[in-house]
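The following report goes through selected sites and helix contacts of the structure shown here.

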Number of protein chains: 2
Amino acid sequence: MKKHNYSAGPCILPQEVFEEASKSILNFNESGLSILEISHRSKDFVAVMEEARALVLELLNLEGKGYQALFLQGGASLEFLMVPYNLMKTNGKAAYLDTGTWASGAIKEAKAFGETVIVASSKDANYNYIPKDYSIPTDADYFHCTSNNTIFGTQMKSFPNTTIPVVCDMSSDIFSRSLDFSKFDLIYAGAQKNMGPAGTTLVVVKEEILGKTGRAIPNILNYEQHIAKESMYNTPAVFAVYTSLLTLKWLKKLGGISAIEKINEAKANLLYTEIDRNPLFKGTVLKEDRSAMNATFLLENQDHQELFDSMWKKAGISGINGHRSVGGYRASMYNALPLDSVQVLVDVMKELEKNS
Amino acid sequence: MKKHNYSAGPCILPQEVFEEASKSILNFNESGLSILEISHRSKDFVAVMEEARALVLELLNLEGKGYQALFLQGGASLEFLMVPYNLMKTNGKAAYLDTGTWASGAIKEAKAFGETVIVASSKDANYNYIPKDYSIPTDADYFHCTSNNTIFGTQMKSFPNTTIPVVCDMSSDIFSRSLDFSKFDLIYAGAQKNMGPAGTTLVVVKEEILGKTGRAIPNILNYEQHIAKESMYNTPAVFAVYTSLLTLKWLKKLGGISAIEKINEAKANLLYTEIDRNPLFKGTVLKEDRSAMNATFLLENQDHQELFDSMWKKAGISGINGHRSVGGYRASMYNALPLDSVQVLVDVMKELEKNS
């Protein structure tokens with residue numbers, strides 16, 4: 001039976017990426033060797049890294065604008081640390097928007113480096129909205145925000161204007177919608193949603209913001225070192241980078257971010273329309289802040305849970321249990337999830353209504 | 001044509017591991033889902049992580065001895081930083097043995113944390129031997145060494161006795177030979193030699209040495225946090241951990257470390273015997289310190305280079321060009337390299353002698 005994989009991450013990737021990655025483990029580029037056993041310094045892998053770095057900038061429309069793309073390791077959680085190490089001045093200050101678990105994690109790491117101002121937080125309402133009216137101190141070294149909050153199902157639809165560098169954790173919605181990416185000075189994202197398998201982290205950074213802290217930065221955490229070594233300061237996560245490149249190429253072939261954005265909007269509209277229409281369900285998030293990636297919703301009546309759970313499982317759906325912080329359900333609709341899969345879920349919701 | 005892959009790392013893994021990994025990308029555990037698209041919190045992957053962590057301790061004979069095994073990210077280069085963060089006291093001191101490029105990298109990161117004593121170095125002779133007569137300050141917080149030096153082809157055959165915690169970078173020879181691993185308090189290793197593909201780092205640590213520095217440790221770099229979260233503090237490198245487990249299971253089936261050690265000794269003896277016998281070649285390393293993993297050697301006469309290079313390429317050998325710091329050749333004979341492949345290289349060396 002066809003599976004409809006709503007996992008919040010690591011998550012579904014395009015089927016053709018799985019097929020190509022699987023082949024390359026047996027025979028990469030007709031070399032007779034596995035992608036897993038070649039040197040990261042081999043001509044073939046250096047070409048993969050170069051193409052992946054260039055394609056990221058191309059897809060984000062950041063070519064020739066002073067940005068560098070890096071494929072690092074350690075996930076967004078290591079970036080929580082690298083950002084203050086690289087950007088917060090000695091005795092400096094940083095501004096953070098608190099929109100959930102990941103933003104809080106970033107704030108926690110920053111606090112060890114200097115004054116960390118939380119410009120606004122939606123913690124008071126279990127992060128079910130994005131704070132909008134706040135001011136960003138212009139004497140901070142940078143402003144940090146999280147574009148999409150997987151756990152709570154919120155997404156920033158606009159970003160504040162400020163004169164200080166803007167840093168954004170886009171782990172769960174990068175490459176999913178058109179934005180003016182040049183408004184950001186540093187973007188980071190764990191690969192495991194829209195870019196590839198778990199195991200590599202994308203960092204896109206405007207070079208001119210680096211090297212200004214007066215702080216001693218450990219080599220392995222220093223973006224300038226990684227840039228100087230063309231993202232090969234140490235052995236990269238070869239397979240994760242390769243599979244990310246396959247996914248980025250799939251996206252380009254599809255028509256890039258503007259093309260996937262239309263598909264993502266169609267999926268989100270289909271599901272949210274049903275959540276709002278169907279009297280058995282309710283969304284958990286303020287409508288204007290709803291994420292197109294992660295739709296969080298509850299049953300109005302818990303008595304329906306057993307039946308609903310058995311119905312969606314029977315339909316081949318997996319991964320829609322909500323995070324324990326919110327409960328209910330979370331349908332993650334990343335780039336590679338087909339519209340058909342959303343239709344299957346919506347049909348099950350309609351069916352439940354009929355049977356109740 | 002069969003390839004003989006002597007890559008220094010990432011390197012050859014067992015063929016059955018490639019086959020199983022390739023299949024799991026299309027259908028993991030008959031789930032209908034790819035190993036790349038499942039949640040790291042799924043029952044199936046949690047089982048992988050638990051089995052891998054337990055099997056590491058079993059193979060190293062460290063079960064029930066107070067050790068924890070972790071699968072982290074960032075390579076040995078991030079451990080260079082995590083070690084002083086977790087073990088060097090405020091105003092503390094650490095002792096390092098300098099046996100090459102990687103040891104130097106570790107020393108560089110440690111220096112930012114406190115007094116870093118280099119107890120001995122073989123830099124004077126381009127690291128072609130392992131220093132032996134040195135004393136380790138007993139008031140240091142730990143002693144750090146590198147068991148095998150891939151670039152220079154040296155390997156520590158014995159380890160000093162000391163009362164302070166011993167930390168060892170075993171990236172390039174872990175699981176290759178029998179040692180009393182309980183003499184080490186912290187062992188780390190990038191996966192990409194004897195354990196799996198690039199993208200995960202193994203850390204084996206005796207819990208009792210942690211939590212004693214009085215230093216604020218960033219969460220993502222704190223071994224105690226990773227232990228508390230059972231190696232899932234953040235999303236692990238799912239595929240790299242899974243493929244490492246496949247490789248560890250292959251090793252166990254083969255008979256464990258004592259079994260592979262015999263094979264590795266046979267391979268090293270075969271090649272070093274030829275290097276010493278064949279008048280066209282010479283080794284670069286003091287005989288008693290030669291690595292069983294990486295054999296470094298030179299041609300006595302550079303005029304033979306062109307012919308030799310064409311001959312080994314024709315025989316299906318790849319990856320034996322030496323590192324630029326040493327020149328000549330480096331034959332890396334990690335666990336998964338078959339004895340047959342070494343025989344092919346030795347035959348080519350003999351053939352060169354005949355043709356010269």
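Is A:Thr150 buried or exposed? At 5% relative accessibility, A:Thr150 counts as buried, a term that means under 20% relative accessible area, with exposed meaning over 50% and partly exposed in between (1.4 Å probe, protein chains only).

## Basis of the model

This is a predicted model, in which local features need pLDDT of at least 70 and side-chain atom pairs count only at pLDDT 80 or more, while totals for chains, interfaces and linings use all residues. Residues are numbered from 1 along each chain as its sequence is written, chains are lettered from A and ligands numbered from 1 in the order in which they are written, and side-chain values use heavy atoms, with hydrogens and water left out.

## Annotated binding-site positions

An unreviewed UniProt entry places the feature "binding site" at A:Ala76, A:Ser77, A:Trp102, A:Thr150, A:Asp169, A:Gln192, A:Asn234 and A:Thr235; UniProt positions are given in the numbering used here, feature names are shortened, and annotations may be inferred rather than shown by experiment. These positions are spread over 160 residues of sequence and also in space, up to 30.4 Å between C-alpha atoms.

A:Thr150 is found in the loop between strand 6 (148-149) and strand 7 (154-155) of chain A, where helices (H or I, at least four residues) and strands (E, at least two) are DSSP runs, numbered from the N terminus. Not counting residues up to four places away in sequence, A:Thr150 touches A:Ala8, A:Trp102, A:Ser172, A:Lys193, A:Asn294, A:Arg330 and A:Tyr334, contact meaning heavy atoms within 4.5 Å. The side chain of A:Thr150 also makes a polar contact with the side chain of A:Trp102 (3.4 Å); such a contact is a pair of N or O atoms within 3.5 Å, of which, within protein, one must be able to donate a hydrogen and the other to accept it, and residues adjacent in sequence count only if both atoms are side-chain atoms.

A:Gln192 lies in the loop between strand 9 and strand 10 of chain A and is buried, with a relative accessible area of 11%. Leaving aside neighbours within four places in sequence, the residues in contact with A:Gln192 include A:Gly9, A:Pro10, A:Cys11 and, from chain B, B:Thr235.

## The annotated lysine

The UniProt annotation "modified residue: N6-(pyridoxal phosphate)lysine", from an unreviewed entry, covers A:Lys193. This lysine, A:Lys193, is placed in the loop between strand 9 (186-190) and strand 10 (201-206) of chain A, and at 12% relative accessibility A:Lys193 counts as buried.

Among the residues that A:Lys193 touches, not counting those up to four places away in sequence, are A:Ala8, A:Thr150, A:Ser171, A:Ser172 and A:Tyr334. The backbone oxygen of A:Ala8 lies 3.0 Å from a polar atom of the side chain of A:Lys193.

## A helix pair across the two chains

Helix 1 (residues 15-26) of chain A and helix 1 (residues 15-26) of chain B pack at an angle of about 180°, with their axes 8 Å apart; axes are lines fitted to C-alpha atoms, for helices over the stretch in contact, and angles run from 0 to 180 degrees between N-to-C directions. Helix 1 of chain A is therefore roughly antiparallel to helix 1 of chain B, since angles over 145 degrees count as roughly antiparallel, under 35 as roughly parallel, 65 to 115 as roughly perpendicular and the rest as oblique. Residues making this contact include A:Phe18, A:Ile25, B:Phe18 and B:Ile25.
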